Structure formats: structure tokens, C-alpha cells
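Welcome! Here is a short briefing to read alongside the structure, moving from the overall layout to a few charged pairs.

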Amino acid sequence: ITIVELDVDADDDIEILNPYTGLESGPCHVCQQPPDRVATFPVGNGLDEGTAVRDERISVISWEVSLQSDWPPCFKATNLSVYDSMGHLVAYDGGLLEAGHSLFFSGLLMNIVDDSETLPVDKIGPLTGWRKPEGDAKSTRLILSTCLEGLTVEYHVDTDEFSKAYKAALMKYQLYKSFSKVLTKMPGRFLPKSSGSNSDFRVQNKSQIVDNNLSKVLTSLPIKTTL
């Protein structure tokens with residue numbers, strides 16, 4: 001070990017840099033996905049929400065009229081991807097929104113009655129809610145909402161028209177969720193035996209079994225998807 005002496009003035013401020021910046025050693029603190037399963041969305045340079053909702057080419061009524069009438073402006077969205085504040089693709093209905101996390105989406109916006117004009121948008125949100133059409137819980141139609149200048153904005157999307165990257169991320173999410181639910185209920189006799197009876201050891205082994213079995217399935221899925 002070499003000891004180096006630095007001549008530092010007592011009045012100087014010393015900044016200690018973290019040598020591990022950018023490295024994730026555990027699950028994301030927002031979406032709780034481990035680094036090996038997270039998919040990051042490359043946010044582009046599409047229009048922001050404040051600009052897009054004022055574009056009359058995709059508006060049924062103008063933004064100013066909406067503010068005066070308190071009638072929520074509605075738009076159609078397609079090629080949609082939902083992600084958290086870290087840019088990680090996440091399920092819109094996975095509980096993050098309800099837990100208070102900020103979720104955003106990117107995609108194409110168009111007039112809800114005339115889709116001849118489209119606008120590429122990025123980081124629309126944060127989302128304030130989502131719902132299915134009333135009386136049609138099994139429908140593929142979905143309504144995402146945000147709040148801009150105190151006014152609720154609705155975005156209507158068909159889940160069949162999610163982006164390819166988002167569909168792949170949701171499929172992996174559902175696979176892991178299903179495997180976790182089944183494999184964590186495995187009887188203890190199927191788990192590797194330990195020298196002691198520590199319950200933490202058995203829980204860790206269950207988690208490892210879930211990861212090992214899931215990885216066999218996920219490796220058959222495409223790692224990269226064209227956006």
C-alpha cells in the first residue's frame with residue numbers, strides 16, 4: 001500500500017467522488033426490478049405535453065376552450081410505452097402509480113376522431129390514473145389520465161397498439177410474476193437442505209429457484225426490440 005500525502009489548504013472544500021456511480025447492486029429503488037431484468041426506454045425528443053395538447057391538428061376543441069368549459073381534452077395514443085422516472089419500462093397497472101411513483105409515456109398522439117395527423121411525444125405525464133371503459137373490463141381499450149394546468153387530460157389507447165418494446169417488457173413482467181407466485185409456494189422438501197434450520201436460508205433458496213427457472217424462459221425471448 002502506497003501512502004500519498006496531499007498538501008491541502010484547510011479552507012479548501014474536498015469533494016469525495018463515488019467510484020461506483022452508475023453501477024446497480026440491487027433492485028431499482030423505484031420499480032424494484034433487478035438490474036438483469038430491467039428494460040430501459042430511450043426517451044426521444046418528441047413534443048412535451050404542454051405543446052402537444054395545444055396543437056389544433058390533433059385537438060377536437062382548443063385548449064383554451066377546454067380550460068373555460070372544464071371539459072377534459074381527449075386524444076388517441078398509439079405505439080405507447082410507459083416508464084418510470086428512471087426510464088425503466090414498467091406495467092401501467094403494476095401498483096407503482098398507486099404507490100405514488102411518477103410514470104410517464106411516449107408514443108404517437110392523434111385526434112380521437114381523425115387519425116390522419118400524428119405527433120410524436122415523449123415524457124407525457126406524470127400519469128394520475130388509468131381505467132377501462134365503464135362496463136367493459138375485458139376490453140383492450142385503456143384510458144390514461146394526466147393533469148395539466150389543473151385540467152384532466154385523457155389519452156385513449158388500445159393495449160394491442162403498445163410499442164413492441166413495451167409489449168416485450170410486459171410479457172417478461174407477467175412471466176416473472178407468474179413464476180414467483182407458483183414457485184414460492186413450493187413445499188420445503190423440494191428445497192436444498194442446509195446444515196441448520198435457518199428460515200432465511202430457505203427463503204433465499206426459494207428466490208434462487210425462481211430466478212433460475214425464470215431465466216431459462218427469459219433467455220428464449222428477444223433481448224433487444226426495435227422501437
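Two residues are in contact when they have heavy atoms within 4.5 Å of each other. With that in mind, look at the contacts in this predicted model between residues at least 6 apart in sequence: 59% of them join residues at least 24 apart. The points below take you through the layout, the surface and the salt bridges.

**Overall layout**

- The protein contains four helices and six strands.

**Inside and surface**

- The protein has 227 residues, and 34% of them count as buried.
- Its accessible surface comes to about 14700 Å², and carbon and sulfur atoms account for 52% of that area.

**Salt bridges: the general idea**

- Side chains of opposite charge can pair when their charged atoms come close.
- In this protein, the count comes to four salt bridges.

**Arginine 54 and glutamate 149**

- These two residues form a salt bridge in which the closest N and O atoms are 2.4 Å apart.
- The pair links distant parts of the chain, since the partners are 95 residues apart.
- Arginine 54 lies in the loop between helix 1 (49–52) and helix 2 (63–69), while glutamate 149 lies in the loop between strand 5 (141–148) and strand 6 (151–158).
- Arginine 54 is partly exposed, with a relative accessible area of 36%, and glutamate 149 is also partly exposed, at 49%.

**Arginine 131 and glutamate 154**

- The side chains of arginine 131 and glutamate 154 meet in a salt bridge, at 2.9 Å from N to O.
- Here too, distant parts of the chain are linked: arginine 131 sits in strand 4 (residues 127–131) and glutamate 154 in strand 6, 23 residues apart.
- Is glutamate 154 buried or exposed? Glutamate 154 is buried, because its relative accessible area is 14% and buried means under 20%.
- Arginine 131, by contrast, is partly exposed, with a relative accessible area of 36%.

- Aspartate 55 forms a salt bridge with arginine 57, and their closest N and O atoms are 2.8 Å apart.
- Aspartate 55 counts as buried at 17% relative accessibility, whereas arginine 57 is partly exposed, with a relative accessible area of 48%.

How values were computed: Residues are numbered from 1 along each chain as its sequence is written. This is a predicted model: local features need pLDDT of at least 70, side-chain atom pairs count only at pLDDT 80 or more; totals for chains, interfaces and linings use all residues. Side-chain values use heavy atoms; hydrogens and water are left out. Helices (H or I, at least four residues) and strands (E, at least two) are DSSP runs, numbered from the N terminus. Buried means under 20% relative accessible area, exposed over 50%, partly exposed in between (1.4 Å probe, protein chains only). Accessible areas come from the Shrake-Rupley method with a 1.4 Å probe; for residues, only the protein chains shown count as cover.
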